Each structure stands twice: as structure tokens, then as C-alpha cells.
Amino acid sequence: MKQFGITPKILEFEHCREVGEHFQIGKGDLVFISDRTYEQYFTDTIGDEAYRVNYRSYVKGEPTDVMVEAIYADIKDYQYNRVVGIGGGTILDVAKLFALKNTVPVVDLFNKELEISKDKELILIPTTCGTGSEVTNISILELTAIHSKFGLAVDELYADYAVLVPELLNDLPLSVFATSSIDAFIHAIESYTSPKASAFSRLYSKKAMEMIISGYQTIAEQGAEARKPLLKDFMIASTFAGIAFGNAGCAAVHAMSYPLGAVYHVPHGEANYAMFTAVYKTYQALDPDGSIAELNLFLAAMLGCEATAVYEELETLLGHILPKRALRDYGVTRADLTSFTEAVMTKQTRLMANNYVPLDQDQVLAIYEQLY
């Protein structure tokens, strides 16, 4: 059986002031938002009685279980019935946890040793064009005890409202645009070849790929500034990709990127890009005739190349957006390759179950060695 669904109600606004008018954010609201985003877009639309959590005052890098517990300690006496997350994927993933009746201890929550029930309304508003977190039921944290990223995927983490406001992307730095949009592209690719993919999820995967590749081609031809008129398209493409992978899942590219991100703090989209083509070339070698053949033909038509050359062409195109680096350039050691492989095979089984074809430990290690 295959299934498909879109749980959050998706709202689109052109400007942030419209969000404030619609939701009347104030007393009884717990709002996750950076000081910068608040001061630039929401000073007149978020009431003073709302409790604002500035994510960056708790952590400089990726979110961790320790950070979530520190936030919980600070807000536990505030009575709230609505959670509003405004930010990138990390902020949205953290905000999701505070819509639950039980949030701490976080490790117990992620191990599903706590009762998981949602008792707050959840509104998620992305400020990047990559994670799709606003429409998924997944929260990703670095669990410090195991030194790796880990995901909690339960329906209680779905937002009630996913709110798209292109204005929030106006000052998105080029580096964040690059890493987040590449993340969205890989969401679309991995969900397309997942065994859980359906005709419905693949429709969203293909549209996201089409929009992102078209945008990248424009940027490659006209330069980085050409992205600005396209930011709304990239935001919508990210949500399309989020709908696709929220139904069909991500796989080995994400699983293999998590140790790199957790240990060396490489931005998530960049870590995914480091793994992407090597994983898909391995898939291609193992089984060239399944859904990957359909994917390659679809990509080849957009890239103007033979189906056998799509991954080389994608590397060339994505190189205009974000240069690809070898693992050793991030500080990775050869000893890390073995520990990374072990972490993938033991801690990321949720993702590895979505691989186009199964990958064993030797094959995962070989991919890491190829990328070293």
C-alpha cells in the first residue's frame, strides 16, 4: 500500500504584516524567531505579551538536545496554547517539539519513551527555501550523547498551518540560499526514487526539480543576482519538495550527510551535496533499470544531455551555486570514514530504509572513501 497526504493548511501571503493581521500573535503565543527577523519584519505584528525565543541566544550551530532542554527550562512557567516558528529549518524543527505535551528529556522523546501527544496549535513560517519543514512531520536534532543527528518522525509534529511569505527571503544571503535550495533539490530527488514514492508524491518531486533546475540555469547564465526575482519560486519549490519527502522519505544521501554535519558542523544542504552524486552513481551501477532510469530521463530533458551524463551535468550546474568540496577539506580523517559508516548503519536505519536499492556497510564505506 502507498499513501499520500498533506496535513498542514498552506497559506500564502505577500507581506509579513498580513501574517500579523491574520493570526493576531500575542498573549498565549510562544514564538521562535531570531532578533534580526523580528526587528526587520515583525516588530509591529507580534504583540509584547508573546514569549519570544531567540534561537541564536542558545546555540551557534545546529540544534541539539541540550539546547532544547535549556529553552524548556526558560519557558516552562509560561502558559501558552500556540507555537509559532519563524525561521530556517533548525528553528522550525525545534518549534515543533514545543507543540507537544511532553518535550523533555529530549533523548527519551526521540527514543519514543515519552508519551507523544500534541496539545498546542502549531504555525510554521519558513525564512529559507530548503528544508520543507513547514509541511513535514519530522524534527532533526543532534543528540549529543551519540554525536550524531537523529530524527523524530511522528504525525504529532505536523503543523496546523504552513505559511509562505516570499518577503522573508528578500535578504537571504547567497550562501544560505545555496545550501537551502540544494537541500530542497535533494529532497525532491531522494523522494522520487524512494520505495515509498507514489504517483502523487512524484508529481511534487518532479515539479520541485523542474523549478529548481530552471532557476539554477538562470543563475548560471546571468549571475547570482538573477536569483532575486526567483525567490518566490524557490520557496514554493521547497514546499513542494517537502510535501514529496514528507510522504516518501529521504534516504542515503541524508543519512550519510548527518555524521559530517554533526561532527564538523557543515551546513546541512552542503553536507547533502557532498554525498549526492556519489550515492546516485552507486545506485545507477547497482540497478540502472528502475525508477532511477525514469529520473535520469526526466533530468536529461531539462539539462540537455544524455541520460548517462546527468550526474556530471548536475555537478557542473550546482557548481555555479555552491562549489563541491572533498571530505578531507572539511577536516574529515580516514578514521572518521569508518565511524561515519557505523553511525549510518546503526543510527540512520529510518532513512536507509528509503534507499532506491539497499546499501550495505561496505558500499557505504566505499562511497565515503570515493568522496574523501
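Two strands count as paired if DSSP finds at least two bridges between them. Keep that in mind for the first stop. The model on your screen is predicted.

**Stop 1: the sheet.** Switch to cartoon view. Six strands form an open sheet, and their order is β1-β8-β5-β4-β2-β3. The pairing is parallel. Now select 9–12 and 51–53. These are β1 and β3, the edge strands, and each pairs on one side only. From one strand to the next, the twist averages 20 degrees.

**Stop 2: two strands of the sheet.** Select residues 82–87 and 121–126, which are β4 and β5. Six bridges join them, in the parallel sense. Show the side chains of valine 83 and leucine 122. Valine 83 stands opposite leucine 122 of β5.

**Stop 3**

**Stop 4: the aromatic rings.** A search of the whole structure finds 16 aromatic pairs. Start with phenylalanine 276 and tyrosine 311. Their rings are edge-to-face, 6.3 Å centre to centre, with 80 degrees between the planes. Phenylalanine 276 sits in helix α10 (residues 268–286) and tyrosine 311 in helix α12 (residues 310–319), so this pair ties together parts that are 35 residues apart in sequence. Both residues are buried.

Next, show tyrosine 280. With tyrosine 311 it makes a tilted pair: 6.0 Å centre to centre, 40 degrees between the planes. Tyrosine 280 lies in helix α10 and tyrosine 311 in helix α12, so parts 31 residues apart in sequence are tied together here too. Tyrosine 280 is buried, at 1% relative accessible area. Tyrosine 311 has 3% relative accessibility and counts as buried because the cut-off is under 20%.

Now widen the selection. Phe185, Phe276, Tyr280, Tyr283, Tyr311 and Tyr356 form one aromatic cluster.

**Stop 5: the nonpolar cores.** The largest core has 78 residues. Tyr216, Leu260, Tyr280, Tyr283, Leu299 and Leu327 have the most contacts inside it. Centre on leucine 327. Leaving out residues up to four places away in sequence, leucine 327 touches Leu260, Ala274, Met275, Val332, Leu337, Tyr368, Leu371 and Tyr372. Then move to a second, separate core of 33 residues, which includes Val94, Phe98, Leu122 and Phe150.

**Stop 6: charges over rings.** Select arginine 52 and tyrosine 38. The arginine lies over the face of tyrosine 38, at 3.7 Å from the ring centre. Finish with lysine 120, which lies over the face of tyrosine 80, at 4.9 Å from the ring centre.

Key:
Residues are numbered from 1 along each chain as its sequence is written. This is a predicted model: local features need pLDDT of at least 70, side-chain atom pairs count only at pLDDT 80 or more; totals for chains, interfaces and linings use all residues. Side-chain values use heavy atoms; hydrogens and water are left out. Rings of Phe, Tyr and Trp (its six-membered ring) pair if their centres lie within 6.5 Å; planes under 30 degrees apart count as stacked, over 60 as edge-to-face and the rest as tilted. Helices (H or I, at least four residues) and strands (E, at least two) are DSSP runs, numbered from the N terminus. Buried means under 20% relative accessible area, exposed over 50%, partly exposed in between (1.4 Å probe, protein chains only). A charge sits over a ring if NZ of Lys or CZ of Arg is within 6 Å of the ring centre and within 35 degrees of the ring normal. A nonpolar core is a set of buried Ala, Val, Leu, Ile, Met, Phe, Trp, Tyr and Cys residues joined through side-chain atoms within 4.5 Å. Contact means heavy atoms within 4.5 Å. Axes are lines fitted to C-alpha atoms, for helices over the stretch in contact, and angles run from 0 to 180 degrees between N-to-C directions.
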